[in-house]
Amino acid sequence: FNKLNSLSLDFHNRSTTGDLLLRVNGDTGVLYGCLSLGLRDLIKEPLTIISVLIMLWSIDPQLTMLSMIFLPACLVPTKLLGDKVRKISKAGMKAGVNQTSMLVEVFSNIRVVKAFGLEKEQSNQFEKTNQIESRMGMRALQSKEMLNPIIETFSAIGIGVVLIYIFATAKPVANL
């Protein structure tokens with residue numbers, strides 16, 4: 001609030017009330033979520049990956065290198081879908097800002113809306129902005145949900161390759 005309050009009048013002329021409300025309420029919630037969940041994962045996940053790789057390397061360096069081939073196969077779809085989700089999320093946020101701005105304007109000027117009988121037109125406009133926001137949310141959800149099947153497919157292929165490697169390099173057991 002203090003930062004937004006200190007910005008120039010030009011900034012406020014370019015911004016909508018909905019955008020400012022979303023920045024104060026929405027960004028604060030997102031920041032809190034990142035700090036509470038993301039910081040822990042930022043430390044834990046890299047340490048886990050490094051520990052597992054060291055352990056695997058100490059057991060079988062050749063198998064570890066073979067399994068590392070599949071890492072880019074998982075990272076590329078993650079990057080591509082992440083970019084797509086980010087782009088869709090920005091469009092969804094813009095739709096949310098438009099919707100919030102519209103609500104603030106309508107409710108701030110409800111006497112004018114009622115005086116001129118604009119309830120139906122305002123409802124139609126709200127329905128349009130709501131549909132856009134819902135569509136963006138569904139597209140983002142679809143993109144996020146596509147990631148798991150892709151990674152699971154590459155994981156299954158990787159497990160198959162590891163099994164083939166194990167059977168190909170296994171030494172026959174002598175008959176007793």
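**Briefing: surface patch, pocket and salt bridges**

L42 is an exposed residue, with a relative accessible area of 60%, and this residue is found in helix α3. The structure is a predicted model, and the points below cover a nonpolar patch on its surface, its largest pocket, with a volume of about 550 Å³, and salt bridges, of which a search of the whole structure finds five.

**Nonpolar surface patch**

- L42 belongs to a nonpolar patch on the surface that also takes in L39, I43 and L47, and the accessible area of these residues together is about 420 Å².
- Because a residue with over 50% relative accessible area is classed as exposed, the value of 60% places L42 in that class.

**Largest pocket**

- The largest pocket has a volume of about 550 Å³, and of the 18 residues that line this pocket, S67, M68, F70, L71 and C74 are the closest to its centre.
- Helices α3 (17-59), α4 (61-68), α5 (70-108) and α7 (119-169) each supply at least two residues of the lining of the largest pocket, and α7 gives the most, with six residues.

**Salt bridges**

- In helix α2 (residues 9-14), R14 and D10 are four residues apart and so are separated by about one helical turn, and their side chains meet in a salt bridge with an N to O distance of 3.5 Å.
- K114 forms a salt bridge with E119, in which the closest N and O atoms are 3.7 Å apart; K114 is exposed, with a relative accessible area of 52%, while E119 is partly exposed, with a relative accessible area of 33%.
- Beyond individual pairs, salt bridges that share partners join K79, D83 and R86 into one network.

- L80 lies in helix α5 and counts as exposed at 55% relative accessibility; L80 and L147 are 67 residues apart in sequence, and the distance between them in space is 9.7 Å, C-alpha to C-alpha.
- I166 lies in helix α7 and is partly exposed, with a relative accessible area of 38%; the C-alpha atoms of I166 and L63 are separated by 8.5 Å, although these residues are 103 residues apart along the chain.

Key: Residues numbered from 1 in each chain as written. Predicted model: local features only at pLDDT ≥ 70, side-chain atom pairs only at ≥ 80, totals over all residues. Heavy atoms only, no water. 1 Å grid on protein atoms, 1.4 Å probe; cavity = no way out; pocket = protein on both sides within 12 Å on 5 of 7 lines; lining within 4 Å. Points joined across faces, edges and corners; volume = space filled by probe spheres on them. Patch = residues over 30% accessible without salt bridge, like charges linked within 9 Å, V, L, I, M, F, W, Y side chains within 5 Å. Areas by Shrake-Rupley, 256 points an atom, 1.4 Å probe, with all protein chains shown as cover. Salt bridge = Lys/Arg side-chain N within 4 Å of Asp/Glu carboxyl O. Buried < 20%, exposed > 50% of the residue type's maximum accessible area, 1.4 Å probe, protein only.
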